[in-house]
Amino acid sequence: MQVYLDHAATTPVLPQVVDAMSDFMREHFGNPSSLHAFGADSKKYLERAREQVAALIGAPAEQLYFTSGGTEADNIAIFGCAMYQARQGRRHIITSAVEHHAVLESCEELAKQGFELTVLPVDEYGMVSVQSLREALREDTALVTVMHANNEVGTINPIRELAALAHQAGAVMHTDSVQSAGKIPCDVGELGVDMMSISSHKINGPKGVGALYKKPDIPLYRRVYGGGQEHKLRSGTENMPGIVGFGVAAEYAAAAWRRETAAWRELRDMLVSGVLNGIPYSRLNGHPSERLPHNANFSFDYIEGEALLLHLDLSGIACSSGSACSSGEMEPSHVLKAMGLGNNWLHSALRFSLGYGNNAEQIAYTIQVLKDKVELLRAASPFYNK
């Protein structure tokens, strides 16, 4: 049996997305910046996709800017805001210890350039507290960037409360919602954020395309210069097939996420119950309730996560030992370290993330294989004593 449980890394592309992209590439090749009829034809598709993606997060279409992915959206937001705010005398940036590397490394680079950086700690569940932000805010705070939901352990942050605090201090609020969009309520107005980053390939769209939502009163310095596309925020001829596919995926997610996530949550709870009740010395990482509906991150004492990952792969089960962007690294997860996990839990963590195509039979098979492989690996461990 083949079981794909790594949807937090990337998702299978929906058939209707493939069809829309194929049709566009066959029939509509104009440059949307061209003034002739071929360009106008592509421009129509561009703006339709903008409306579809913006609707997913409750944003006005004219406030959504297409990028090459979530990483670029994060970079545009963070560098663009910081550089502008520095001219206004604000050179203090706040982020959290569990952010995606696209955010953490951007903030660290700003620190090298003379900005002051505060990295907020998290609790044992990986959640940022409102009080920690309240204590960190200053008169010269330019930007607060805290992720909506964590990509590794699935914990959901209190973004609405954090945004309100940031605004009281006169700071701009950005959130990376790459993991949350299409999975939980993710309305920019309800959350009260100034900027939000999202990605296509996390919601069954193509890779290589994402978007940044930005309020019109939030000025950003440009990072890419050229033809002035995307209202001069992100120059470069648009990836039209990808954008069209992103639009179709977003429209599907907007219509179906409540139904889909209810099914994923049921399967996720089945997996959690099967693991915690059936495998001794196992634990669930992340918040027990305030977490993404499709995420389950476990640690298994007395074994190495990488070894278990390989055994699962040989049994047809795909999961992750951390975020996909850093899965080749041998260092333990910075998220789990920030949560204060001991070495035995740090080095044995695996992330299972559900999505389109998963079913109860696959979860039952995964639970049984996990039981067998954990027992096998522990039997070979000199530290495990039954």
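I took contact to mean heavy atoms within 4.5 Å. The model I opened is predicted.

**Entry: helix α12**

I started with α12, residues 360-379. I counted 20 residues in this helix. From first C-alpha to last, α12 reaches 29 Å, close to the 28 Å expected at 1.5 Å a residue.

Next I looked up which residues of α12 are buried. I listed Q362, I363, T366, I367, V369, L370, V374, L377 and R378. An α-helix has 3.6 residues a turn, so residues three or four places apart point the same way.

What do the buried residues of α12 pack against? I found two helices' entries, α8 (240-278) and α9 (305-314), among the partners. I also noted the strands β1 (3-4), β10 (295-300), β11 (317-318) and β12 (349-353).

I then checked the start of α12. There, a side-chain oxygen of N359 comes to within 3.2 Å of the backbone nitrogen of E361.

**Entry: the open sheet**

I turned to a sheet of seven strands. I read its order as β2-β8-β7-β6-β5-β3-β4, with mixed pairing.

**Entry: strand β2**

I followed β2 to its partner β8, residues 210-214. The two run antiparallel and are joined by four bridges. I saw L64 opposite Y213 in β8.

Last, I looked at helix α2, residues 37-56. α2 lies across β2, β7 (195-199) and β8. I noted about 110° between α2 and β2.

Conventions: Residues are numbered from 1 along each chain as its sequence is written. This is a predicted model: local features need pLDDT of at least 70, side-chain atom pairs count only at pLDDT 80 or more; totals for chains, interfaces and linings use all residues. Side-chain values use heavy atoms; hydrogens and water are left out. Two strands pair if DSSP finds at least two bridges between them. Axes are lines fitted to C-alpha atoms, for helices over the stretch in contact, and angles run from 0 to 180 degrees between N-to-C directions. The expected span of a helix is 1.5 Å times one less than its number of residues. Buried means under 20% relative accessible area, exposed over 50%, partly exposed in between (1.4 Å probe, protein chains only). A polar contact is a pair of N or O atoms within 3.5 Å; within protein, one must be able to donate a hydrogen and the other to accept it, and residues adjacent in sequence count only if both atoms are side-chain atoms.
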